[in-house]
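Please open the structure in a viewer and keep the selection tool at hand.

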Amino acid sequence: MTALVALERVGFTYPGAARAALSDVSLELAAGEVLVVTGETGAGASTLLLVATGFAPRVVGGRLTGGRHIAARRCGVVFARPWTQLTGLCSTVQDEIAFGPASYGLPRQAVLDAAARAMRELRVEHLAGREPSQLSGGELQRVVVAAALALDPEVLALDDPAAELDPEAADALYDVLPAIAASGKAVVVATPDLERAARVATRAVKVEGGRIATSGAPAAVLEGTEPSLLARAAGCPPPWPLDVPALVGRVRR
Amino acid sequence: MIGYVPGTSPLHRAHPYTTLALAGAVLLGAFALTRPLEVWLLVAAAAAFAAAGGVLRSSARTALLLSLPIWALLFVLHGLLGADPRTTVGPLSLSLPGMARALVLGGRITAIVLGFLTALATTSPHRLVEAMTARGVPFGRTFLLASTLTVLPRMRERAAQILEAQQCRGLRLGGSVLARLRALGPLALPLVLGALAEVDEQVLALDARGAASAARRTALDPPPDSRAQRLVRVALLVLVVAAYGWKFWKMRG
């Protein structure tokens with residue numbers, strides 16, 4: 001399978017930073033997979049997303065070293081705070097989602113069709129006429145993902161997409177990721193939300209200090225976390241808890 | 001109230017260029033007119049403009065609030081400290097040419113502020129974007145203008161949220177002037193830092209959605225223009241040119 005993104009011993013340093021945010025990172029991303037990137041805050045997971053999708057250094061500046069090949073024609077990106085990703089210029093959800101295709105000058109009907117398809121995919125058709133600023137956080141984040149998908153990106157990167165969402169909205173958001181990947185896209189998610197990540201990941205990468213510490217099957221990477229090891233040491237039966245709240249819940253039970 | 005107020009008035013329905021042309025004509029006309037009566041007739045015209053948009057009360061109140069400190073300053077500088085001849089009103093000795101000057105300058109500022117508040121209140125940023133897109137204006141310029149129109153309402157909304165949060169944490173807004181000034185710190189700092197922190201994400205999100213694309217954007221729902229509105233815009237231009245012609249003719253005479 002041809003990789004949509006290939007990183008070969010890549011390093012990246014933000015403008016003005018003395019220390020590299022990423023070092024010696026090698027990674028391939030292929031269509032149809034959901035890659036989960038995890039690590040502690042500041043480990044470099046978000047930076048890895050920006051580098052893999054080409055936004056760093058093109059938009060954020062900085063210095064890239066090593067080899068990077070992005071075969072994907074287009075990459076979409078979604079951040080944690082949905083309200084920062086609105087254009088602020090659209091009065092309806094439909095217009096917000098259509099913004100991307102309209103930017104590329106597609107014919108009007110093609111723009112509307114692309115927006116309709118993305119709304120269907122994210123199940124937000126019922127919000128089409130609503131004003132984006134009036135939506136709940138969960139609804140808004142789904143609209144933002146739909147807006148990214150309207151451009152039909154081959155790679156969709158999500159940086160902690162459920163950080164601002166309630167548990168139901170977070171579940172609903174993660175639930176659509178496998179379907180997006182199944183439509184032939186590569187989905188890469190940077191998140192500390194290991195429970196949900198484990199449900200959708202086809203592969204996982206753990207980043208520590210800007211380097212890839214472990215990479216492979218989700219069970220092997222995500223269940224090697226401290227809460228999981230603690231639970232195993234305490235004799236808890238599998239499935240192992242992946243994060244601290246889950247561990248606390250398991251111990252209470 | 002500063003910002004767009006949804007409505008169905010003739011100004012709301014007008015092409016955004018017509019509304020902006022009216023505000024622009026008030027601005028340019030204010031500097032072409034030199035006598036108190038002329039300038040205050042312009043203020044009356046700006047008030048009629050606001051009334052036609054159904055926003056007279058809110059726009060006039062804000063315009064007065066914004067203009068009052070300037071009127072006070074003009075009164076002191078020109079009315080009290082201006083040149084002879086003078087007249088006595090109660091305990092005050094007022095400069096007659098100074099008062100005329102203050103009336104002209106105060107009237108200009110009031111007319112300009114009222115005109116622009118009315119344009120802001122009746123021009124939907126979305127319709128403006130669509131109108132500019134339909135005319136082929138590059139997105140960078142469109143975004144600059146439209147985001148300028150929307151920045152104040154957005155900042156006000158954010159400030160209200162920060163104030164609520166800070167009040168929950170014990171911030172007191174009442175009391176002496178000094179206490180109120182002290183309360184500005186916990187409001188201003190998160191307001192500015194929060195806005196700066198979100199700029200990076202918004203730039204990335206806009207870039208990912210093709211805002212920097214060289215293609216000509218597709219206008220999805222351009223506001224209708226009409227021959228009558230185009231004539232109004234041309235008439236406003238002729239009026240402004242005539243007003244400047246009148247001004248320079250008087251100066252030469």
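**A guided tour of the predicted model**

Begin by selecting Leu158(A), which stands opposite Val189(A) in strand 7 of chain A. The model is a predicted one. The two residues mark a parallel pairing: strand 6 of chain A and strand 7 (residues 186-190) of chain A are joined over five bridges.

Six strands of chain A form an open sheet in the order 5-6-7-3-8-9, and the pairing is mixed. At its edges are strand 5 (75-78) and strand 9 (211-216) of chain A, each of which pairs on one side only. From one strand to the next, the twist averages 20°.

Select residues 45-52 of chain A to show helix 1, which lies across strand 3 (34-38), strand 6, strand 7 and strand 8 (203-208) of chain A. Helix 1 of chain A runs at about 155° to strand 7 of chain A. Then select residues 137-149 of chain A: this is helix 5, lying across strand 5 and strand 6 of chain A, at about 170° to strand 5 of chain A.

Proceed to Ala163(A), in the loop between strand 6 (155-159) and helix 6 (167-182) of chain A. Is Ala163(A) buried or partly exposed? Ala163(A) has 15 other C-beta atoms within 10 Å, and is therefore partly exposed; a residue counts as buried at 20 or more and as exposed at 12 or fewer. Select Asp193(A) as well: its C-alpha atom is separated by 8.4 Å from that of Ala163(A), although the two residues are 30 residues apart along the chain.

The next stop is a second sheet. Three strands of chain A form an open sheet in the order 2-1-4, with antiparallel pairing. Strand 2 (22-30) and strand 4 (63-70) of chain A are the edge strands, each pairing on one side only. Neighbouring strands here are turned by 5° against each other on average, direction ignored. Select Phe12(A) to find it opposite Leu64(A) in strand 4 of chain A. Strand 1 (residues 3-13) and strand 4 of chain A pair in the antiparallel sense over seven bridges.

Finally, display both chains. Their contact takes 28 residues from chain A and 27 residues from chain B. On the side of chain B that touches chain A, helix 8 of chain B gives the most, with nine residues. The residues of that side divide into 12 nonpolar, eight polar and seven charged.

Terms used: Residues are numbered from 1 along each chain as its sequence is written. Chains are lettered from A and ligands numbered from 1 in the order in which they are written. This is a predicted model: local features need pLDDT of at least 70, side-chain atom pairs count only at pLDDT 80 or more; totals for chains, interfaces and linings use all residues. Helices (H or I, at least four residues) and strands (E, at least two) are DSSP runs, numbered from the N terminus. Two strands pair if DSSP finds at least two bridges between them. Axes are lines fitted to C-alpha atoms, for helices over the stretch in contact, and angles run from 0 to 180 degrees between N-to-C directions. Two residues are in contact if their C-beta atoms, placed from the backbone, lie within 7 Å. Ala, Val, Leu, Ile, Met, Phe, Trp, Tyr, Cys and Pro count as nonpolar, Asp, Glu, Lys and Arg as charged, and the others, Gly among them, as polar.
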